[in-house]
Amino acid sequence: MSKKWLYGFFGILLFVVGVLIPQGKALAFHDVPSKYETEIRYLIDRGIVKGVPGGDFAPDQIVTREQAATMVGRALGLDGDRRNTVFYGVDSNSYASGYIQSAYEKGIITGYTDGTFRPKKQMTRGEMAYLISKAFSLSDQSPVHYDDLQSSGSQYEAINKVTTAGISNGYSDGTYKPTHSITRTEFSLLVARGLNANFRVSQDNSPLEERVVTAGILNARSGPSTSHSIIGKLSRGTTIEVYSEQGDWLEFSYGSLEGYVHKDYTAPKTSGSRTIAIDAGHGDGDGGAQGNGVLEKEINLKVAKRVQDYLENSGIDVVMTRSDDTFVELGDRVTYAVNHNADTFVSIHSNSFSNPNVSGVETFYSSSALSQRASDSKRLATFIQNRLVKAMQSNDRGVKDVPYKVIDDTPLPSALVELGFVTNDSDASKLGSSYWRDRAAKAIYQGIIDYYNWKD
């Protein structure tokens, strides 16, 4: 058999192979990740993804901006003929020049402010979001939160769109990593999902938590500061879904209303059924401590009733040992709480001392009962104390283990709060003020919520 005949035979064979077998399938890349083989094969079969020099897919190779433009251009069927572009620094003979120019003409890419495109620069995940959202004309957005991304601005909007569309999502640690580079595998998945909805992923846009509005009326704003416009109002007791936290501001939704509220006027919503006994110390002929024109029994009741309002607006059942100016024996207070199925007991008091310079907040628990109840009681007292000291801007006298009868006799986790000293000018001034009594009530309520969330 002559060499001339052999050369002819192999020439014909190569022609047949080249014509009848699509290029993508002929490549049969050995390094395509098996987990994503379906999506990547989808692109290979359509000539959208091709191998790198050497015949590999190179799944972990970082994508450059010109490679990204080329892949998107092929996916959209743009004109890829090599030619001059509007961008300085793009070689007209480059394999990507035609796709870059076509994408520019379609408004998919804009380049940098200095008139360059920087084709060899690595594509970041944030830049990818811009490119993909424009390439596939994405417009829908939803409450999306990533821990490393501020929930505003054009980059957030682009990332929100690709996330909402199910084209891209974040990492398991709750981040998006917008400045990180993107691999050929990652970018291929995005293009495949943009072209074929069957490949798209479901994004868990569940709220981070539910919180309850504690202010009478709370302004909802368009952005995370008071400089932003008011877009709605929320009433006390309203449960909102929180998607991100930016400093003291929460990004939330409530029905069709989406915006921002200040965190200080909300509290976590507890799970499960809760019933707490709130005990306003003293009453009727037992006035308790007095000084500087204020009387303990009156302070205790006013604060206790405000605590009741806050708790009930959060969906927690409240048992009040007294709701008016009556006297109830200490033992009867405990019995009443237990008989009404309370799971926790908080007694509210005001303090006094012979030295008028003594001031501050202190909270008590009793450890003379079962260890678990004692441990829970200490936690409850600590949560309340921490909240009260901050809210009242008072001297922190600490959490103390003292077997006061009303918290020692009860089988429930319990705490006794001393709001301040009526015998101290500064404390008494606050305890006689409606504003400061409300701050005290809210702090006690928040401490109770902290405790319930800890128990959950």
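Okay, let's start with a term: on a 1 Å grid over the protein atoms alone, a pocket is an open set of points with protein on both sides within 12 Å along at least five of seven lines, whereas a cavity is a set where a 1.4 Å probe fits but cannot get out. A lining residue has an atom within 4 Å of a point. Grid points are joined across faces, edges and corners, and the volume is the space filled by probe spheres set on the points.

Before I go on, what you see here is a predicted model, in which local features need pLDDT of at least 70 and side-chain atom pairs count only at pLDDT 80 or more, while totals for chains, interfaces and linings use all residues. Residues are numbered from 1 along each chain as its sequence is written, and side-chain values use heavy atoms, with hydrogens and water left out.

So, the largest pocket. Its volume is about 600 Å³. Which residues lie nearest its centre? They are D264, A391, R439, K442 and Q446, out of 21 lining residues. The elements giving two or more residues to that lining are β7 (266–268), α11 (371–392) and α14 (434–455). Those labels are DSSP runs, numbered from the N terminus: helices are H or I with at least four residues, strands are E with at least two. The top contributor is α14, with 6 residues. By class, the lining has 10 charged, 8 nonpolar and 3 polar residues. Here Asp, Glu, Lys and Arg count as charged, Ala, Val, Leu, Ile, Met, Phe, Trp, Tyr, Cys and Pro as nonpolar, and the others, Gly among them, as polar.

While we're at α11, have a look at R379, which lies in that helix. R379 is partly exposed, at 39% relative accessible area; the scale is buried under 20%, exposed over 50%, partly exposed in between, with a 1.4 Å probe and protein chains only. Not counting residues up to four places away in sequence, R379 touches Y451 and W454, where contact means heavy atoms within 4.5 Å. R221 is 158 residues from R379 along the chain, and their C-alpha atoms are separated by 36 Å.

Now over to helix α6, residues 125–135. Is α6 mostly covered or mostly open? Mostly covered: 9 of its 11 residues are buried, including M128, L131 and I132. Those buried residues pack against α4 (65–76), α7 (154–164) and α8 (184–195).

That takes us to the nonpolar cores. A core is a set of buried Ala, Val, Leu, Ile, Met, Phe, Trp, Tyr and Cys residues joined through side-chain atoms within 4.5 Å. In soluble globular proteins, nonpolar side chains tend to be buried together. The largest core here has 49 residues, and those with the most contacts inside it are I100, I109, M128, L131, I132, F187 and V191. At least two of its residues come from each of α3 (37–45), α4, α5 (97–105), α6, α7 and α8. Apart from that core lies another, of 44 residues, with A304, I448, I449 and Y452 among them.

Next, the aromatics. How many aromatic pairs does the structure hold? There are 9. Rings of Phe, Tyr and Trp (its six-membered ring) pair if their centres lie within 6.5 Å, and planes under 30 degrees apart are stacked, over 60 edge-to-face, the rest tilted. F87 and Y104 make an edge-to-face pair, 5.5 Å centre to centre with 80° between the planes. F87 sits in the loop between α4 and α5 and Y104 in helix α5, so the pair ties together parts 17 residues apart in sequence. F87 is buried, at 7% relative accessibility, while Y104 is partly exposed, at 36%. Together with F117, F87 and Y104 form one aromatic cluster.

Last bit: backbone angles. Most residues other than glycine have a negative phi. A58, in the loop between α3 and α4, has a positive phi near 60° and is buried, at 14%. N341 also has a positive phi near 60°, but N341 is exposed, at 63%, in the loop between α10 (330–339) and β12 (344–351). And just after α6, S137 takes a positive phi of about 50°. That's me done, thanks!
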